[in-house]
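I set out to look up the aromatic ring contacts in this entry. A pair of aromatic rings is described by the distance of the centres and the angle of the planes.

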Amino acid sequence: MKWENNRQSDNIEDRRNQPGGGMFGSGAPRRAGGRGIGFGTIVIALIAGWIFGINPMTILGALGGGGELVPGTTQTEPASPGSTDRPEDEMGRFVSSVLAGTEDVWAAVFQQGGAQYQEPRLVLFRGATPTACGTGQSAMGPFYCPGDQKVYIDLSFYDTLRRQLGAPGDFAQAYVIAHEVGHHVQNQMGLTEKMEQARRRVSEREYNALSVRLELQADCFAGIWAHHNHKSKAILEPGDVEEALNAAAAIGDDALQRKSQGMVVPDSFTHGTSEQRQRWFHKGLETGSVQACDTFNTRAL
């Protein structure tokens, strides 16, 4: 992936040098009832939610045994903003460049639709950090918090992505960011609020089905970013698209369930199958169209 000479974003909040990072503070996400969450559960949440989860904290709550993390949990103490200077290390600059690309693409898309895109901030942290959704921890993988409209990433996750999930490559890493920004786009479109409203009035099975549609749309939005960014800046190199598709296949609900429990339970899917993830990313990549990413009004996912 060609990124080195592209613009870097000013919307980076670097908390990596902050001691403690809010770890296990009083702002940690609250969970109602249920048993404790063990290491194995955290690993499952990491794999299932790293780029394709609404919020890994929700996954941890559900896997913890019937309890659910309280939506919209806020921190009791304001988070220190950290340094707003552009990162100087290579991975920090890479993330900043990818974020800038998403800003350029979505600003143009929104403008064409007669709207203004509100750029999210991206927080780099180590270990744990306070968020408007509770304490984010590196074991959760990257996630988007609609409460403060920020994407959170502990860069050590990219080692996990490469070594444990079998999805190496810088474009796979960029895909992580583009998908989480896709959730921010959904928030700007009002879909996040509609999902929260649906949570209160539909069954768990019905909500899972809606969650799959939300996640596949974010996959498609990541493809839109790749389409337009390559068109304007020629970022793609041979093998890049395959890296993203490999990542999508590795964390499909069906693949994860076979690995973790030896069987597939479609009614429990919250993110989509490997094939669906690949196909919706590719649809966004091929068309560059938001209309083509309407997963909520199609029968064929």
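I looked up the aromatic cluster and found that Trp 106, Phe 110, Tyr 117 and Phe 221 form one. The model is predicted, so local features require pLDDT of at least 70 and side-chain atom pairs pLDDT 80 or more, while totals for chains, interfaces and linings use all residues. Residues are numbered from 1 along each chain as its sequence is written, and side-chain values use heavy atoms, without hydrogens and water.

I applied the pairing rule (rings of Phe, Tyr and Trp, the last by its six-membered ring, with centres within 6.5 Å; planes under 30 degrees apart are stacked, over 60 edge-to-face, the rest tilted). The count is 8 aromatic pairs.

I then examined Trp 3 and Phe 94, which pair edge-to-face at 5.4 Å centre to centre, with 80 degrees between the planes. Trp 3 lies in the segment before strand E1 (12-14) and Phe 94 in helix H3 (residues 90-112), so the pair ties together parts 91 residues apart in sequence. Helices (H or I, at least four residues) and strands (E, at least two) are DSSP runs numbered from the N terminus. Trp 3 is buried at 5% relative accessible area, and Phe 94 is buried at 2%. Buried means under 20%, exposed over 50%, and partly exposed in between (1.4 Å probe, protein chains only).

I next checked Trp 106 and Phe 110, an edge-to-face pair at 6.5 Å centre to centre and 85 degrees between the planes. They are 4 residues apart in helix H3, so about one helical turn separates them. Trp 106 is buried at 1%, and Phe 110 is buried at 12%.
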